[in-house]
Amino acid sequence: PVLVVDFGAQYAQLIARRVREANVYSEVVPHSMPASEILAREPLAIILSGGPSSVYADGAPRLDPAILEAGVPVLGLCYGFQAMAAALDGTVAPTGVREYGATRLSAIDASSQLLAGQDLEQNVWMSHGDSVSEAPAGFEVIATSPGSPVAAFEHPGKRLFGVQWHPEVGHSDRGQEVLENFLHRGAGIEPAWTTGHVIEEQVERIRAQVGEGTAICGLSGGVDSAVAAALVQRAIGDRLTCVYVDHGLMRQDESAQIEKAFGDSTGGAKLVVVDAEKRFLDALAGVTDPETKRKIIGREFIRVFEQAQADILRGQGVLEGDGEGGLETAGPDGAGAKTFLVQGTLYPDVVESGGGEGAANIKSHHNVGGLPEDLSFELVEPLRALFKDEVRAVGSELGLPDAIVWRQPFPGPGLGIRIIGEVTKERLDILRAADAIARAEMTAAGLDRDIWQCPVVLLADVRSVGVQGDGRTYGHPVVLRPVTSDDAMTADWAKVPYEVLSRISTRITNEVAEINRVVLDVTSKPPGTIEWE
Ligand code: XMP
């Protein structure tokens, strides 16, 4: 792989994603991983990410010079660029000019390897206080900016390259080309990685992990769990059972649709449907804190899976005891066969749940940080390294129907995290009615593929005064949160046409008695997250 060494950058995984867009497989590793371990993975190239520190600050993550001396092509970005310069005896210092946001580059050397074919001037995204003022010996300076005398350098002989800006973000005009120049020209890597590889590799990995065991897969109706199930089905056939947990937090008619779509999407895997509404609502009674809700929902999911698995095994006559004390089974030949739990966990879930080293825990995604500690399953997570768009590509390649592949994301904890305040059946019904109207109007307006998703959020503890039919009302607001996004890591609020918003607002306030106000969330991510909890 191409290894991205994460120096505490907020979007190190974005770099990995861009590398994969160049058809080269890439993974992120923490900067705390020793150089020997990084090199032992035989990376085709290494990319050093940005990071929040100043290279000379106490406790700043260090770059082990061994990384630069191993003959492996290296590209440093922002902090990684400065760390490289410092390690090679260049000069890094505060120039007094901090550059944040769009910055004009000049003196671009289009005959260099890294910036080959680029314009002489262009806009790039910068975010730094210190600058490289002198390149290390033997390096060519190949671009400058007002605050960075050395904005990029390279030493093609040693295959070492660096830029001060962030080519991985969309705001850098020709950022992707910089990465591709590095990968294809500088490092000489063929663009050969495709979703077909992901499928082969994952099927093999699943077989190796599960061995003779059985697996159950929690199905949510979304693309992630469907693709995960399809991969596991391919790997272990009918030793997979899918479980759909109706936790009572789904949207209108959703459970019925999921059951219907199931047959097409998993190549005939077995499906068990569990009605667990009462169990979840009882567990959520009186709870208002978002993280507590997430943890409770995560825990209840697992308890239901455990029960479902015990039932399945009992049905097959292979369970010993009452299934309460863990799930080792006797197996056909009497040897212990393990039970696995398949989850459609994606890379962003892992990172945002604090799984990336040094990354903050923003929220506990129910299938990662929300898992109980006494988990009796071993997890199978074939999508753990993938981004949503990659999962969609894998789903298409596996032949899943478009209705599943292009379904808008819906969070595992469902409407439970879209009611701000306590979750009750009554409030869920109100939100379901409002949400169904918003979805129907968005679909009717042909917006389903333009917007990433549109949570509808019930502010259940807020009331406002209104007037309807000559009478005073004192109802709740709902928030429309339509967003556009590529991978849910960042998002912008979607500019839904006013007529559509107007129809949604009129219909919701007319048709849902308890709601007398509809408001629009116009916050990007960051600083907001997509969901309100
Ligand atoms: P946030 O709110 O973190 O959401 O900006 C990013 C994306 O993830 C979805 N989401 C979840 N999906 N389990 C899931 O399966 C979860 O616990 C969860 N929380 C958020 C959210 O809908 C958006 O697409």
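Which of the 15 residues around the ligand come nearest? They are Pro411, Gly412, Thr529, Ile530 and Glu531. This is a predicted model, in which local features need pLDDT of at least 70, side-chain atom pairs count only at pLDDT 80 or more, and totals for chains, interfaces and linings use all residues. Residues are numbered from 1 along each chain as its sequence is written.

**Ligand shell**
- The shell holds five nonpolar, six polar and four charged residues.
- Nonpolar covers Ala, Val, Leu, Ile, Met, Phe, Trp, Tyr, Cys and Pro; charged covers Asp, Glu, Lys and Arg; the others, Gly among them, are polar.

**Strands around β18**
- Strands (E, at least two residues) and helices (H or I, at least four) are DSSP runs, numbered from the N terminus. Strands pair if DSSP finds at least two bridges between them.
- β16 (residues 456-459) runs antiparallel to β18 (residues 471-480), with three bridges. Val457 has Val479 of β18 as its bridge partner.
- β17 (residues 464-468) pairs with β18 over five bridges, also antiparallel. Gln468 stands opposite Gly471.
- Two residues separate β17 and β18 in their hairpin, where Gly469 takes a positive phi near 55°.
- β21 (residues 515-520) pairs with β18 in the parallel sense over five bridges. Here His476 stands opposite Ile515.

**Helix packing**
- The axes of α6 (residues 195-210) and α12 (residues 388-397) come within 9 Å and cross at roughly 80°. Axes are lines fitted to C-alpha atoms over the stretch in contact, with angles from 0 to 180 degrees between N-to-C directions.
- The two helices, α6 and α12, are therefore roughly perpendicular (65 to 115 degrees; under 35 is roughly parallel, over 145 roughly antiparallel, the rest oblique).

Definitions and conventions:
Near = placed C-beta within 6 Å.
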